[in-house]
Structures are given as structure tokens and as C-alpha cells.
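Let's take a walk through this protein together, one region at a time. Keep the viewer open as you read.

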Amino acid sequence: MNTYATLIAFVAVAAATANAQLGGQSLKQWLDCYYHSRPSTVARQYVNETNRILKSGTPVVAGSGWDTGFELRSTVDSNMKYFEYTGSFEKPPSDPRELRLIRLANNMTVLCIHDPDSVDSAASLSVNIGHEYNPPEFLGLAHFLEHMLFQGSEKYPGENDYSEYISKFSGSNNAFTSDAETCYYFNLANNGLEGALDLFSRFFIDPLFNASSVNKEILAVDSEYKGNIMNDGWRAYQLLKQVTNPAHPFSQFPIGSTETLRGSAKALNVDLHKELLKLHRKYYSADIMKLVVAGNHTLDQLTEWAVSKFSEVKSKGNPKKVWQSMPLSKRELGQLVHMESLGDGQSMSLVFALPELKNTYRTGAILYIEMLLSSQGEGSVYDYLQKHGWIIGIHISTNHMNTDNFNMLFIDVELTPKGKEHRDDIVHAIFAYLQMLSEQGPQKWHYEELRKITNLETYFYEKTPVKDYVTGRPGILHNEYIRPEHVMSVYQNFGDYDAVMISDFLSYLHPDNYMLIVTAKEHKDVECNLTEKYFGTKYRIDRLPKSLTTNPGAGIKHRNLFKMPKPNVYLPLDLEMEPEITKRQDSEISAEPIYLKHSEKMEVWFKKDHQFFTPRGAIHLDIQVATVDTPFYEAISSVYTVYLNAVLLNELQPALKAGLHYRVTSDMSGIGISISGFSEKQKLLLSTIITKIKSLVIDELLFKTQLDMVIDEHQNYRNINPLRHASMLLSHIHNEPNWHYTQVLPELSKISLNDLQNFADHVADQAFFTAFIIGDFEESDVMEIAETVDTLLNSTALPGHLQASNRAISLDSGYFVYQAAAPEENTKDSVFYSTIYCGNTDNRQEAMTLALLTNIIHEPFFDQMRTKEQLGYQVGAIKRKYGSAQYLALAVQGESSPAYTTMRAQSFIRSFRQKLVDFDADTLATKIDSLVETMLEKPKTIFKEAHKLWSEIESGNYDFDLAAKSAQVMKSLTKDHLIQFWDKYINPDTAPSYKRLDSQIWSSHTLQPTREQFGSYPSSIIALQGCLHEEGVANISLSVVNDIIDSSLYSSSSSSSHDVSFALKMLQEIIAKDYLDSENLLVKIAEPASKTRIALQMAMDQATERYSFAAADSQNFTKIGMHQSPDGIWLINDIRQFKLSQQLMAKGLPMNQPQPIY
């Protein structure tokens, strides 16, 4: 045994005897640091930390079992060797999944999961390196590497082979890069798993890393980065990195951009492609990869595939680093950071330095502290601060539990405008509360409450979609302290109460161990004199004043107001700890809801659990009230809902901690309440909510706080993702009633306390409620709950003619566009969002045809618009529904002009018909089979079953067998159905009544046409001008662009009317004459794949073919001030006027007519 091995053995015995854990490090990691770096400061740091932990008595999870619990095995078919864990796994007795934990010959860990009830399969592989392994000269390289792995392998060289295969089996795929890991994952139909795993494995065996893909994927990374620039969450995250220790890689910019990748390579005169290969060769080692594979296949089959396909991944040893610094050193602790936000809200964050938490995965120590700090009942810090009108909310979190070497605890406080002026008072109160917790010491009864509900949630297992539990599982397995038997129960079951550990973690929440970050749009008397490099965030760094670092909680008044929460009255008491696992479906229990009662005041439905047999249930309640269709009503309804929820949260937070979930919403028809979780206390929870609705008293301080919050929220809509803006506009146009936030915002400032009190007093004077109760209840329970609701509401009956319903416009024939400037002027992205009418959902064949079509079109649309043409990072093709009308929705968010993106999407639509004609019959059959399996999959939880059945009750269709009927129709579809549907609705050249509505968001960086220009020039001319503007030809007018196209058409030099050479030559002459940097511009626009050249071709094609959408027009909209382009597209000027010109769709007839029992 060599010296190194002797040291490992010696310290292992010593540590085991002392029950110690070395500062969150495995022994080997600690010794790597000590043996290879001594006498390093980090080694001394760990020695000191070890001594501290030994004295504290903190228990240690040693991670035993990984070396001794595995035995050598061989696969059944290929006879390949692997090691298998032979112990048992901790999981609920009702969990039908079977597990096998194996280690391949290359040291890759694989978890195979046989899920007999799943209709699809999933796999996820995580590499235990992320942003922190970026070379400092190439920030974002790890993220860029993630993108490049999708670009083909030696075995499967096609750039789109993987995505096409996943799409064939109706699946999805993605990846993410975080600080400590890079994770790749997919899901698809069960019968596609083997092929997908083969494609997937080659990511890590023989990726091509084609040099030709480098520039394209750099642009994709850059687009992702630019899409986040206006997001305050991302800006705050990057600023946190900026103000941490620059010697630790946590401080680095994570996403990457053209500047940090291509720009850095150019500046250093190095080949970025080679740097990419270097990163992959060094760190993508099987030793730090964890793979999870799940499906309905046998464990032997899953094992065979995993071993045969992933054993070829190279083992390079463990290349992970041990950082010799921490993100929060003494220099950063004690900092006061002011940050300027884009939004109108204000907040502060106390960021505490913590040690690594990986070894605490079986304890609830951190959760115990987090739950107390976030408590909102009497005696809590929230209660104290909220009653002063200083805060809106408190949120407690830590970094991911698997973060190496360190962690942080965040106390994030949402401030009111008044609270912004009481920064010091808020900090004092938080530390006074923490001091109370320390003085009282850990409370076993409170820990046992948390432990009980957590263990109950685990014991009464609820099934989860395979992709949900597979995606994040490999990242969890990187925690070297997790025992093999805990691979599925990690973070779910708590160990025994440990007061020493809780006290130990509380000691970190000390005034000398935090940094304070204050965020607001403007800071009084504070100049933010620094600018963060990548997001442009203005900020300032000072040292915390002594009053906030030296016992800041000592001087607060009324310290005795802080106390522990009361025992939780919502904890279930009478749950059976032995669920009836072997119980089969009771044939006497209906699989459909029973219509129990109908009266002038109520409609009551009941469904007894017949398949889950756990003490859970769900309640859905829709209370229709008399409403008024005005922006003011929408505004006051919003404030009422926010206020009501704030009051409820103070009282009902114990219910949330006890495994109950509730949601209270309101809209233009009334109030909605949904409850789920353990059924025992659901009646108490519902009664509490309704009692509060009927007795709500508006407090002046809380009213102002909540009103300010709603106003801020509406003002901050201007900063949301442009794609969401476009989606909201489409909903506003399609639906009635529907008020846009710009219409509601002015009304909010008009609301007085008396207005809200009057609204609350009379909101349910007249009411009609529909109730649906499902789960561990009896019919008598349901009737009792319904009568209780009726008694507590104490309302008179709401007449039928006052019962509001949301409806949608019946879109006239024609092509309509609404253009809006991006509300935030610094937004760089624009949006094209199109909805093409495709019939009504009550025609089941057409509904299923569109479902199949969107499944087929999504991947090629994404591939064309995002991968090949790089028009945006966010690209999608989905089915949308407004009323009973269904639409094919196509959307792209990116930096290109919306006019150009629209033209490219139109080009895709015109060419896609031939792809349908040529569509492979086997692929079509596979897609149909996958969709049918998904449709027929039973809900995995009682909550999901409740949601599915409630949607039928709420809609008034009562078609509870919809899935089975739809599946039958789906099975009957053929390629001819798709082509006929395409020609009937989507192809503008053949659709007898083409109906389309687009929403476009134009950033300030694009050249948005005026209404008059829109009506004077074809779309292709506007698109071409936009491309020229994007390339730097800023001053060329639409008339000049139009003249170039016209001249090219009539030029004798052109051998073909579609030839762009003459137009390109004219354009080059103009540029050479009028622009200083003409040489670079000329090279750019002459490239065959340049947007300008493509736009030239489209303009020539449109001018030659002279296709127009005007043939679809149903009426002349110039009467309401609308403009029509030469190619027949109508520009909506006034949304309200346009909606008034459209008819409303009638509410469809129900599919069934059930009769109540009572």
C-alpha cells in the first residue's frame, strides 16, 4: 500500500470513529487537496473546519456502500460486464417502480427504473461540470459545448438526426448548463427508447463538433443571452456573481456571447473550435457522469441498453477541481450593494455564506430554519414587518443542495415603497427573530411536525410522469454522500431530530457573515456608479454600516413579539399508515363523476376514488357572481384577489405546511377555489376560505401595500418577455371580455379603500356555485360540504342571464395583423406570432387532425427557423384554442424584423405541403401510436384526475370519455386527412375561407413601418428594408427599395424574372456610393445565406407571382380606419373597433345531458 493509500485508510478510520465529515468534502477530495497542494491555505482551512465540526458533534453521512455493496454482473444478451448494487432501495410500499443501480466498466453510474404504468420513456445524463469550468478567457464555453453536442456524431452525422428521431416518437429533448453540472435529457414513446439511447450515447462517445456549426451555435448562445438581458431575475443573478469573490469561478459570466466566445478567440488569435475540443477532452469523463434511464421495459432490457451503449464513453479519471477560495470571502461579506432594476418593484436580499450542504441530505436542519424564517403567522418576522407596511413577502432559499464546497442562504424581502425607507429596521427585525430562535433553541415538536408531513407525502406515494422524475435525478446522484439505497428517496425522508446540527446552521446566520443587496429602479441619495459588463446593470458597492453588522437585532423594540409558530391544526391525525396496496378497482364505483344535485344556487358533482386508494382528495369550486364588463371591474377584482390571498396566506400557511394546497382566483365571471392534498382537513380549509371571503375587512395599511404591488405588477408588464407580450395581445383580441393591462393600469389608481371594502361586502350577494369533489370522501361528506358552502355564502340566487361566460370572436375571413412597439425601449428581440384558424374543437376529427399536425410540424419548423436560419432562440409551433375555435400557432422571438420573420414563416408554410405529401408512412404510424398512448394514459395522481374531469364540468361539455373517443379518431387518421386539412385551412392559396390573425412586437432596434407605409408597400419590400437596416444600411427608404425591385423586374439584363443578380448589383452600387464601410457591407449581403439576399429573392418572387391574401377578405375594413397592404394583409389600428366588427362565437351545445340525483 503506497503512502497516499495509507493516508486515505488512516483518515477514514479516524473520521468514522469521530463521526466526522471534512467540511463537506469527501476524504479523497480532502486528501487530494492536502497531499498534492500542501502546505496550501485550503488544506489548513479544511483542517480548521474539521476541528470545528468535530467539536459541534455534527453527524456525518459517510456515503458508505458504494465500494462494498456492488457485485460483478454480465448483461443477458451481449455478456458485457458491469457492477450492480445488491442492497435494497428505500421507497414507499405503494410505489410500483423497480430499480437497478449499476456502475459500468468506465465508472459511469447508471440508475435503471422499470415503471410499469408509464406510456413513455425518458433518459437524462448529467456531467458534473458546468459554468465554473469555463476557461476565464472563454466565458460561456461550457454552455456552448452543450449546444454543440446536438450537432451530430460520427455514427449519426446529421445535425438534426437526434431531434428528428425524438420527434418521430412524439418526444421532446433539451439540455441545461448550471454552475456545477451540464444535463442532457429526452422523453419519447416507449417503443423508441432503444434508438434514442443509441443516438444519445454518441453525444459522449464520438461527437463531431463540426467547425461549420460553430458560428451558427455561437449565434444561438448569443440569442439566448440577449433574450435575457431585460430580465431582472437574470440581471440580479449576474450581479450576484459580479460582487462575489473574483478568485472563485462562481463569479464568472455563465451564458456566453459572440463577444466572450468568437470575439475572445479572435483577440487571442486562437481557434475556438480547438478550445471547445480541449474542454470536452479534459472534462467529459465517464467518471463524473450519471445516467438515469426509465420506461416500461424490464430492468434486464434497460440494463442491456445502458451497458452496451454507454460503456464506450471514455474514462479519464475524476477531472474535477477543488477551488482554493470561496465565493463569499471576508472581502465580500459585509458588503452593501445597491442595484438598479428595470422593473418598478423594490427588494433586499440578505446573502449568508454557508458550508457545503451535500452531507446533510438526510436531515431537515436547513428546511427547519427556512420554514421558520418564511413563516407568516402571529409572532413571525413576516407578521411584524407586514403590519408595519414595510414588506410584501419574504422568500427563503439556498443554492442547489449539490453545490460543491460552499452554499448560500438567501433571505429575499419584497419591499413596499414605505419599506424601502426602513432598510435598517427590516434588517434589525430579521436578526432579532434569528436571535429569538437561537435563544429558545431548536424545538423538537416543530421539527417532528415537518418530519411527519414530509414522510407522509413520501409514504403515500403519488405517481409522477417519467420525464419529471428522470430529468433532475442524475444531478442529485452527483452527491457522493448519498447512500445507494437512497437514490430515489433522497431529500424526501428526514432522519432523526438533531438539535446540534440545527444550532450549528443557525450560527451561520450571523451579522458578520452576510452581504446585503438592495434593488430598486431608483435609490434615494445613492449614486450607482458602476456598470455590470454583460447586462449593463447599474450598481454600487459600499461597506455595511456598523449598525447592521454589530448585534443589529439587539436594539429593536418589542422583541418579545417574536415567537415560535403554534402547533399546526391542519396536520392530518387519522391517516391510515398502511394503504390498501392490493385493493383493486371497485366495480361499484363509477369511473365518471356523479351529478348529485342541481338547484337555483348550486350544481354539485362527486367522484369517489376508485384507483389511487390514498387519503387524498381535491375540491374545485366555481362561484359565479354578478360582474360588470369594464376595465375598472377588472382592476378592482385583481386588487381584491391579491388582498384576499395576502390575508389568507397569513392564516393558512400552516395548511400549506401540512400537505394541503389551495388556490383562490377571480376573473370576469367570479371566484374560483381549488384545494388538494390530504383529505382529512380539506373541509376546514374550504370553510376558512369562504368565511374570509364573506367577512373580509380591508385594513388601510395592507390595502395600500397590496394596491401598490398590483400597480407595480401591471407597470412591470412592460419588461416581460416580448413573446409573452405578443401572446397577451392575441388573447386580448381573440377573447371577450378581455382587457389589456394598459387599459387596466389607469383604473388601478382610482381604487379607494372604500371602493374595495364595498366590493368585498357585496361580491357574493348573488351567487351560483358549481362544486366538484373527488377522492377519499363519501357522498354524505360531499353533500355536507355543499350545504356548508351554501350556508357560509348566504347569497341569493344569481339569475341565469347574469351568469357571465368568456367567449371568443368568430374571426372573419382575411389575414389580419396587429403591430406593437416593444414597451421597453432597450428590448433587442422582436416577435412574430401567428394564429391560423383551423376549425372548431367540437369537430373531433378536425381537433385530432390539428393535434397530429402540430406534433408533425413542430420539429421541422424549429429546425428551419431556429437551427438553420437562426431567426430566434424561442421558436414554437403549437395548437391554441380561443372559445371553441382552434388555431395553428407559429411563433418566433429574435432580433430579426418581424416582417422578415413573417415572410420566412410564410415560405415555410407554402413549402410544407409537399413535405406532408412525402411524409414517411411508418413515421406517421409511429406518431399516431405515440399520441394515442398518451391520450389513453390514466392520470397519475388524484389531483390530475380532478383537473381532467373538472375541465369537462366547467366547460359544460360533460364528455368524460373524451380521451377514449379522441384516441379512436386519431387511430383513423391518414396522410390524406392531413393534406386535405392543410388545404382547407392553412394553405392560403387553397383555403376557401382563410382566417389568420398575427401579433408582431417590434423592438426599437428594428425599423417598424408606419400605417401608411404598411398600406403602400408589399410585405416583402418592408422585410427587405428591415434586413438592410439590420445589416447597417440604415437610411435606405422603402421607395428606393421598391424601385430596385421594380427596375430588376423590367431589366433586360435579367435572364429570369426571379434572378436577384441585377437587384443585388443596384443595391451594391447604392451602398458603395453612400456608406463608408461599404466593403464589409457588400461582402455581407452578397453571401448566399445572408438575410438581405434571401429577402431580395422573396421580394422578386412576390413581385413576379403577385400572390395576395385579399381573396379571403369578407368585408372592407377601411371603414374602421384599417390599412390593407398591396398583398392583401389588413393592419389593425384600433383593437376595440376591430373586435366590435367581429361576431362572437356561440357557446357550444354540451356533448351529454346528465341528470342530477337530487
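This is a predicted model: local features need pLDDT of at least 70, side-chain atom pairs count only at pLDDT 80 or more; totals for chains, interfaces and linings use all residues.

An unreviewed UniProt entry marks residues 274–452 as the feature "domain: Peptidase M16 C-terminal".

Now turn to the charged side chains. The structure contains 54 salt bridges in total, and a few of them are worth a visit.

D198 pairs with K309, and their closest N and O atoms are 3.7 Å apart. D198 belongs to helix α6 (residues 193–205), while K309 sits in helix α11 (residues 299–310), so the bridge joins distant parts of the chain, 111 residues apart. Are these two partners buried or exposed? D198 has a relative accessible area of 11%, and because buried means under 20%, D198 counts as buried. K309 is buried too, with a relative accessible area of 11%.

Next, look at R73 and E71, whose side chains form a salt bridge with an N to O distance of 3.2 Å. Here the accessibility falls in the band between 20% and 50%, so R73, at 29%, is partly exposed. E71 is likewise partly exposed, with a relative accessible area of 40%. This pair also takes part in a network of salt bridges that links E71, R73, E84, R100 and D300.

Two packed helices are described by the angle between their axes and the distance between the axes. Helix α22 (residues 700–715) packs against helix α24 (residues 741–748) at an angle of about 150 degrees, and their axes are 10 Å apart. Because angles over 145 degrees count as roughly antiparallel, α22 is roughly antiparallel to α24. The crossing of α22 past α24 is left-handed. Which residues make the contact? On the α22 side they are L707, V710, I711, H714 and Q715, and on the α24 side they are Y741, V744, L745 and L748.

Notes. Residues are numbered from 1 along each chain as its sequence is written. Side-chain values use heavy atoms; hydrogens and water are left out. UniProt positions are given in the numbering used here, feature names are shortened, and annotations may be inferred rather than shown by experiment. A salt bridge is a side-chain nitrogen of Lys or Arg within 4 Å of a carboxyl oxygen of Asp or Glu. Buried means under 20% relative accessible area, exposed over 50%, partly exposed in between (1.4 Å probe, protein chains only). Helices (H or I, at least four residues) and strands (E, at least two) are DSSP runs, numbered from the N terminus. Axes are lines fitted to C-alpha atoms, for helices over the stretch in contact, and angles run from 0 to 180 degrees between N-to-C directions. Angles under 35 degrees count as roughly parallel, over 145 as roughly antiparallel, 65 to 115 as roughly perpendicular and the rest as oblique. A crossing is left-handed if the near helix is turned anticlockwise from the far one by less than a right angle, and right-handed if clockwise. Contact means heavy atoms within 4.5 Å.
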